[in-house]
Number of protein chains: 2
Amino acid sequence: MIYESIRLDKNSDVPMYRRLYESIRGGICSGNISVGERLPSIRKISEELGVSRTTVEQAYQQLCVEGYVSSRPQSGYFVEASVRNEFSAEPEKPSAREKTPGIRYDFGSRYVDSRSADIELWRKYVRSVLSREDIVNSYGHYQGEPELRRQLVTYGMTLRGVKSTADRIVIGAGVQPLLSVLCGLLGEQAGRVGIEYPCFPQAERVFRDFRLNIVELPHDKFGVTAEDLYSHKIDVLYLNPSNTESMGRPMPISRRAEIMEWAERTRGLIIEDDYNGALRFKSRPVPSLQGMSGGDRVVYLGSFSKLLMPSVRISYMVLPGDLAELYWERGVNYNQTSSKVEQLALAQYMRDGHIEKRLRRLRKIYAEKSDLLMTALKETFGEAARIRLAETALCVDVIIECGMDSQRLAETALERGVKIIPVDCENGAEFRLSFAGIPSDDICGGVETLGKIINHNLAEN
Amino acid sequence: MIYESIRLDKNSDVPMYRRLYESIRGGICSGNISVGERLPSIRKISEELGVSRTTVEQAYQQLCVEGYVSSRPQSGYFVEASVRNEFSAEPEKPSAREKTPGIRYDFGSRYVDSRSADIELWRKYVRSVLSREDIVNSYGHYQGEPELRRQLVTYGMTLRGVKSTADRIVIGAGVQPLLSVLCGLLGEQAGRVGIEYPCFPQAERVFRDFRLNIVELPHDKFGVTAEDLYSHKIDVLYLNPSNTESMGRPMPISRRAEIMEWAERTRGLIIEDDYNGALRFKSRPVPSLQGMSGGDRVVYLGSFSKLLMPSVRISYMVLPGDLAELYWERGVNYNQTSSKVEQLALAQYMRDGHIEKRLRRLRKIYAEKSDLLMTALKETFGEAARIRLAETALCVDVIIECGMDSQRLAETALERGVKIIPVDCENGAEFRLSFAGIPSDDICGGVETLGKIINHNLAEN
């Protein structure tokens, strides 16, 4: 048990939270506390050890920050294996993935499918840029490398119907630094900011950091309603019309039209976060709001993390004319956040036509995998489960009555080597299966094992 | 003349500013408008062509954004040469630098000295990280790679006396994304923010974007005074104690002590931006305020752009305990901005002891170059000029009475192939000579040419 690993020297002058942290970390590193193990709840450990809950919280936070432990919403704290104390200089074999020992089927992976990665090709481009001293040894353009911005004009137009020019595109290392620049440009114009609830947490964090007046908007089955935008007197609406967080499907065209009309009428601004907008594989991607509306009342946000590879942080924002002008005035006082070398590698990669090839390949892979997963789920659970594919989110949500709640099911599955993401729900168990990272060959085996757990539990009850 | 190159089709339905922009761009690309040439003032071109000043402004802005033209404060708009329309896939020879034709001696370069760069070694580390699929194909840690944060603890302590632990370090792609996170953490605590005037413009931009209450503080010869901090009721002070913008020299220890006392007494917070703090070459670097004060009331900011190479954007922030705890709570909702591959390359580079070697080398190079420049200036201008070395800013400021104002002198020098940075001043001419990028061999020749221009002008008057 975990308490055997915890030794707290009561007479030390090291803060108590630190001692607890070190003790648990020691247990993990020595193997006394196993990977995948759930740590006792904060309440429980505080009672058992006679320390305050704040102390336990601090210790857990620190373990999370350093990657020894991860916090799963509604489930508690679990020991992660992916932590190595020292970075190894020896290159590992390309196939060697960090995999949590004990996890055989990982439906919660943050990796993307390795078959799609084509890392060798990407390396070639990075190396080519890296070989140019003039590039490595000088600052990048604050707005983003002009070569990449020019490529993005064509890319955005072809794939997402985005209307832009290179001078209205701003590049950044992810959506957050771009939203920070945008909030600065908007100033008082960002009076009341409407967000879908639940909202992409990283975007909400930026709005909260800027202490904007945030209005959480309800939604019907098509998303946010224009009625709510009028009645809540929204000035700026943050939206992910290709993939609403709650629904995992695109907003229908009729609703889009209503929202664009709202923006025109009230001089409102739409921030369109087109996360994975181009990745749709079951049907044609829905063109961007920005292009449909003409672009005057929409700021478009696009990203490459899921498309290229997760370690590459390149996003871009297309500003409407008035905001672009304000940006040009101030631009020189913004530093670029995205790696210059990676930006130029991407520009060449795009110029040579690889991004379209990659997108086609990704769509094919994800279509196959989602078919496999859906079929396996339907065969295993039949009518007992409600199964829904969230296409651009690359996952399937499952609701099932199985005599266990979501957390209990996730824990039991983990004990049997299947990692799933529990979702809070009122009746039965709900869980999410991410199919981006799991190899195709493992999908059926994973679902089968899940089926056995659930059927076994139903038989026992 | 430039007007001959401008053809404005009055019957086009393309916006007028766009036509003007395209016309000037065409002139530049075809060579009709020369590199280094000063464009007519906005007022003048608007009168000559009968278009509004806003139209001209928009066209110029766009040319600036795309890099065809640069705006120099108080001087106007100049045609830049460093713009290539297409990114060449062919690697250039390592010695090929982007150099503005017509500029023979560049004292305004944003490059760093190529001898110091050791690009081959850096490439080796990037390639080694790039070869690991598990790294490239997964997300990085939101707070920054743990391996790098561990290296930074030792580095900060050894070189700058910074007291930190890996969990209190946050990495970001430059100071701006870090300040954005910090402003979010501070929330209402950032009531009145004191900045030195003039302030590092990129930092001021972030504070203004967050619409903080900014107080521009005057300074005596030692920097900001504690008296002003009390009387202006400052809550947060942004400071660059190693290199105040206006003075280019570190704040003396007595003033540091007063400011730390202010922070302790009033529970104020100091944001210590230690830009180039480790680069001091004439004397031992002054240890950080953060380490001197114990770190409770100081947020420390450090950066690697000048130390490593300009294209690499890695900065870090050390948070005091209370802000670190708040960060841990929210951390998972912040995305990392700095390139994961470059972070890990830096971690290994540091682990192998290269950063200390590099720093020693840089100090030696910059000491030699500043000696060369100071000697050449003294020999050429003798008592006629006031010459001041700004050590960590890697430049020398010169004030001289020569019958021209700063702008006129800079323009004349540019015509003769010497690029200098004009500084606004009341009497005579003031200019800044950056010695980071210019090769040592060119320093004497550049100063000599400057001397001829000035002496020639004095003889004429």
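Trainee: Which residue of S7(A) is the bridge partner of Gly194(A)?

Mentor: The partner is Leu237(A). The model is predicted, and local features are taken only at pLDDT of at least 70, side-chain atom pairs only at pLDDT 80 or more, while totals for chains, interfaces and linings use all residues. Residues count from 1 along each chain as written, chains are lettered from A and ligands numbered from 1 in written order, and side-chain values use heavy atoms, without hydrogens and water.

Trainee: What makes a stretch a strand or a helix?

Mentor: Both are DSSP runs numbered from the N terminus: a helix is H or I over at least four residues, a strand is E over at least two. By that rule chain A has 17 helices and 15 strands.

Trainee: Which way do the side chains of S7(A) point?

Mentor: Val236(A) and Tyr238(A) point one way, Leu237(A) and Leu239(A) the other, and all are buried. In a regular strand the side chains alternate between the two faces of the sheet.

Trainee: Why is Asp235(A) called partly exposed?

Mentor: Buried means under 20% relative accessible area and exposed means over 50%, with partly exposed in between (1.4 Å probe, protein chains only). Asp235(A) has 33%, so it is partly exposed. Asp235(A) sits in the loop between helix H10 (226-231) and strand S7 (236-239) of chain A.

Trainee: Why is Gln202(B) called buried?

Mentor: Its relative accessibility is 12%, so Gln202(B) counts as buried. Gln202(B) belongs to helix H8 of chain B. Leaving aside neighbours within four places in sequence, it is in contact (heavy atoms within 4.5 Å) with Val332(A), Asn333(A), Asn335(A) and Gln176(B).

Trainee: What makes the backbone nitrogen of Arg192(A) and the side chain of Asp235(A) a polar contact?

Mentor: A polar contact is a pair of N or O atoms within 3.5 Å; within protein one must be able to donate a hydrogen and the other to accept it, and sequence-adjacent residues count only if both atoms are side-chain atoms. The nitrogen lies 2.8 Å from a polar atom of the Asp235(A) side chain, so the distance is inside the limit.

Trainee: How do you know that strand S12 (residues 395-400) of chain B is mostly covered?

Mentor: Of its 6 residues, 5 are buried. S12(B) pairs antiparallel with strand S11 (residues 385-390) of chain B over 6 bridges. Another 6 bridges join S12(B) to strand S15 (residues 429-434) of chain B, also antiparallel.

Terms used:
Two strands pair if DSSP finds at least two bridges between them.
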